[in-house]
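Hi everyone, thanks for making time this morning. Let me put the structure up, and then we can walk through it together.

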Amino acid sequence: MSVVLQGARANAPGDAPAAGLAARKADFPILARSVRGRRLVYLDNAATTQKPEAVIEAEARYYRESNANIHRGVHWLSQHSTDLYEESRERVRALLNAARSEEIVFTRGTTEAINLVAYSWARTNLKAGDEILITTMEHHSNIVPWQLVCAQTGAVLRVAPIGDEGALDLDAFDALLGPRTRLVAVAHVSNALGTVNPVARLVQRAHAVGAVVLVDGAQAVAHTAVDVQAIGCDFYAFSGHKLYGPTGIGALYGRHELLQAMPPWQGGGDMIRTVSFEASTWADAPQRFEAGTPNIAGVVALGAAIDYLRSVGIDRIAAHEHELLAYGTRALEAIPGLRLIGTAAGKAGILSFTIDGIHPHDLGTILDTEGVAIRAGHHCTMPLMKRFGIPGTARASLALYNDESDVDALAAAIRRAQDLFEGK
Ligand code: 7TS
């Protein structure tokens, strides 16, 4: 534990932009454990990031010192708990640079945020023949909710293609926009390729035809500064657990006018203004979309995660991960038979690859025996895998606490797996 506390230092003022971040490993207690008798090399950060002591402690402290239900108590503790909850909303507002905190709705995560928009906005506003435009690189969470909307409303799903490097085909995207396009739903950063989409440009083109735009920011918020006003999007979704925060909590940003015009999607306590057996009326946004007792401790710990992220500095994190990505790309490209999937310019810290003669799952299993945790499979992007003609990839995804030794361990483990398969 003393190691953890030592590591939880503030930024050293003289630190170079990307230097010294590896010392942050000590902020994350789980990174000190071993797995299968080996040092844990955690490279599955796109699935979920590890949690710093500050976040774990914030959640525990909430239950030790502040636990009470929110928005309904006249007693001190309830008011205190409500204040903590609403302070976290303000932290999320600041993280995304939203204009006002009423534009932040707490959800279980990205998936629930997208479903909220699908159920409330899309089912109300779309009719037969309207079009929803997505891209080939979307996570299932940004495909399936729209398919459900289409089945119910008669709207049509359109898909903008990508090039061989994994970049969105912007001309094709523009060509698919038209008077029928009512909604564009696009990933900010692809979880399987690392491609960073030019979301501000996409929003501009989509708005020109009158479409509303949802950005899936699940893979963006922990790796790059996000400014929803500069992007200009109407909705932005993210998950706390990919941002060094707890599971089961995330948020939806929605432009105030849009949220205020949307009907509730779940009914219950906290989302109403008045209830009678004849008719009920709804609270304003965001409460309208937060029925029932929420994950209060999760919200508070998410606030602590945002504080942590800001204390390290999102620009330093981005610079560090880009350097490590370049290092990792060189290390993997030197391995014979390895093919990187997703090589778009300016991509984020995701190394997806296939190896000749070794199925990604077998590779993942062998790497695991060496304590190297990566993801293997389709990464909830089956249509994207089909586009590349592969069943899946092995994927290493970077976070602020990774360093060159982690990438070296990955490369060495891949080479040993190859030796094993070649019977050496
Ligand atoms: N959108 C993107 C781009 C994602 O990467 C993910 C999760 C989601 C949506 C869904 O997020 P959730 O928190 O609601 O589940 N991506 C991954 C992944 O790449 N490996 O495991 C989960």
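Let's start with strand S8, residues 212–216: five of its five residues are buried, so the strand is largely enclosed by the rest of the structure. Do keep in mind that this is a predicted model. Which residues cover the two faces of S8? On one side you have Val212, Leu214 and Asp216, on the other Val213 and Val215, and all of them are buried.

Now, the neighbours. Strand S7, residues 181–187, runs parallel to S8, and five bridges join the two. Find Val184 and you'll see Val213 of S8 opposite. Val184 is also the bridge partner of Leu133. Strand S5, residues 131–135, pairs with S7 in the parallel sense over three bridges.

Zooming out, we have an open sheet of seven strands with mixed pairing, in the order S4-S10-S9-S8-S7-S5-S6. S4 and S6 stand at the edges with a single partner strand each, so one side of each has no neighbour in the sheet. On average, neighbouring strands are turned by 20° against each other, direction ignored.

Helix H4, residues 110–125, lies across S4, S7, S8, S9 and S10, and runs at about 155° to S9.

One last stop, a helix pair. The axes of H3, residues 76–96, and H10, residues 296–312, come within 8 Å and cross at roughly 40°, which makes H3 oblique to H10. The crossing is left-handed. Among the contact residues are Leu84 and Tyr85 of H3 and Val299 and Ile306 of H10. By class, the contact has 11 nonpolar, three polar and three charged residues.

Conventions
Residues are numbered from 1 along each chain as its sequence is written. This is a predicted model: local features need pLDDT of at least 70, side-chain atom pairs count only at pLDDT 80 or more; totals for chains, interfaces and linings use all residues. Side-chain values use heavy atoms; hydrogens and water are left out. Axes are lines fitted to C-alpha atoms, for helices over the stretch in contact, and angles run from 0 to 180 degrees between N-to-C directions. Helices (H or I, at least four residues) and strands (E, at least two) are DSSP runs, numbered from the N terminus. Angles under 35 degrees count as roughly parallel, over 145 as roughly antiparallel, 65 to 115 as roughly perpendicular and the rest as oblique. A crossing is left-handed if the near helix is turned anticlockwise from the far one by less than a right angle, and right-handed if clockwise. Contact means heavy atoms within 4.5 Å. Ala, Val, Leu, Ile, Met, Phe, Trp, Tyr, Cys and Pro count as nonpolar, Asp, Glu, Lys and Arg as charged, and the others, Gly among them, as polar. Buried means under 20% relative accessible area, exposed over 50%, partly exposed in between (1.4 Å probe, protein chains only). Two strands pair if DSSP finds at least two bridges between them.
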